[in-house]
Amino acid sequence: AGPTPTDAAIEAFASVQAALSAIDRLEVRGRDSAGLMVLVRGHGLDLADPAVATLLEPRSGDPLFTSGAVRVTPEGHLSFAYKAAAEIGELGDNTRVLRGAIRDDALLHRSLAEGAEVTVLGHTRWASIGIISQPNAHPMNSDELGEGQGPYVTAALNGDVDNFADLKVADELRIASEITSDAKVIPTLVSRRLAAGDEPLEAFRQSVCRFDGSVAIAANVAAHPERLQLALRGSGQALYVGL
């Protein structure tokens, strides 16, 4: 037995469950990896509290944003990553791993205090560019090697950014060598444009306009946690919005 969950926590976990259920239904189209980003705002935690810092510190230094990683955004939100990747396995294995990690995450549970709200971005992958690995599992964030923290962005991709290697070179993106998926250029380019002064929607639109290939994209800017940016480009993908 534990403490009674707050209404905010119940609503937050309902959002997470909706994303996991969607991944379960979509896995037949791609199941070599899956991931969730859970952005918690209004968590009310004192991040300098030793008890909180003990939970946060070992998880905040993962440069590859693999499962269990946490980021504190410039706005003070907490961005949690949960990921699974395997070349072989059964349908349902990935979400089973994700559910277990979420269920056992003490820091996530503490962050869902009264008034906390979450934004959830989920993905299941059929690898086309980049090996099957947790560093290549979506959603990906805007971290760059050796860079100070800029505007925080996460994104997930269906399709292929065919010119991703050219964009990395042209903009001198400092991406860890372990991350070989084309999706990584999405949050990094959007973050760069935000840092240059663009409004979030324009930063997203201008970044997507540079992509060659066929893509469906969902992204979130932590400074505007209540919004998702969605884009469809090319002819090979589809994007559905349900209310």
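Guide: Let us begin with pairing: two strands are said to pair if DSSP finds at least two bridges between them. In this model, which is a predicted one, isoleucine 217 stands opposite alanine 231 in S8.

Visitor: What makes S7 and S8 a pair of strands?

Guide: The two are joined over 5 bridges in the antiparallel sense, and the definition asks for at least two bridges, so S7 and S8 count as paired.

Visitor: Why are S5 and S8 called edge strands?

Guide: The open sheet is built from 4 strands in the order S5-S6-S7-S8, with antiparallel pairing. Strand S5 (140-141) and S8 each pair on one side only, and these are the edge strands.

Visitor: How do you know that serine 191 is buried?

Guide: Serine 191, whose place is in helix H6, has a relative accessibility of 9%; buried means under 20%, and therefore the residue is counted as buried. Leaving aside neighbours within four places in sequence, serine 191 is in contact with Ser142, Gly150, Pro151 and Val153.

Visitor: Why is valine 241 called exposed?

Guide: Valine 241, found in the segment after strand S8 (229-233), has a relative accessibility of 60%, and since exposed means over 50%, the residue counts as exposed.

Visitor: What makes a nonpolar patch on the surface, and which residues form it?

Guide: A residue of a patch must have over 30% relative accessible area and no salt bridge, and nonpolar side chains are joined within 5 Å. Leu228, Leu230, Leu232, Leu239, Val241 and Leu243 form such a patch, with about 640 Å² of accessible area together.

Visitor: What makes a nonpolar core, and how many residues has the largest?

Guide: A core is a set of buried residues of kinds such as Val, Leu, Ile and Phe, joined through side-chain atoms within 4.5 Å. The largest nonpolar core has 28 residues, and among those with the most contacts inside it are Leu157, Val185 and Phe211. The elements that give two or more residues to this core include strand S6 (153-159), helix H6 (185-195) and strand S7 (215-221), and the largest share, 5 residues, comes from H6.

Visitor: Which residues does valine 185 touch?

Guide: Not counting residues up to four places away in sequence, valine 185 touches Val161, Phe164, Leu167, Lys168, Leu173, Ile175 and Phe211. Apart from this core lies another, of 26 residues, among them Val16, Ala34, Leu107 and Ala116.

Key: Residues are numbered from 1 along each chain as its sequence is written. This is a predicted model: local features need pLDDT of at least 70, side-chain atom pairs count only at pLDDT 80 or more; totals for chains, interfaces and linings use all residues. Side-chain values use heavy atoms; hydrogens and water are left out. Patches are made of residues with over 30% relative accessible area and no salt bridge: like charges are joined within 9 Å, nonpolar side chains (Val, Leu, Ile, Met, Phe, Trp, Tyr) within 5 Å. Accessible areas come from the Shrake-Rupley method with a 1.4 Å probe; for residues, only the protein chains shown count as cover. A salt bridge is a side-chain nitrogen of Lys or Arg within 4 Å of a carboxyl oxygen of Asp or Glu. Buried means under 20% relative accessible area, exposed over 50%, partly exposed in between (1.4 Å probe, protein chains only). Contact means heavy atoms within 4.5 Å.
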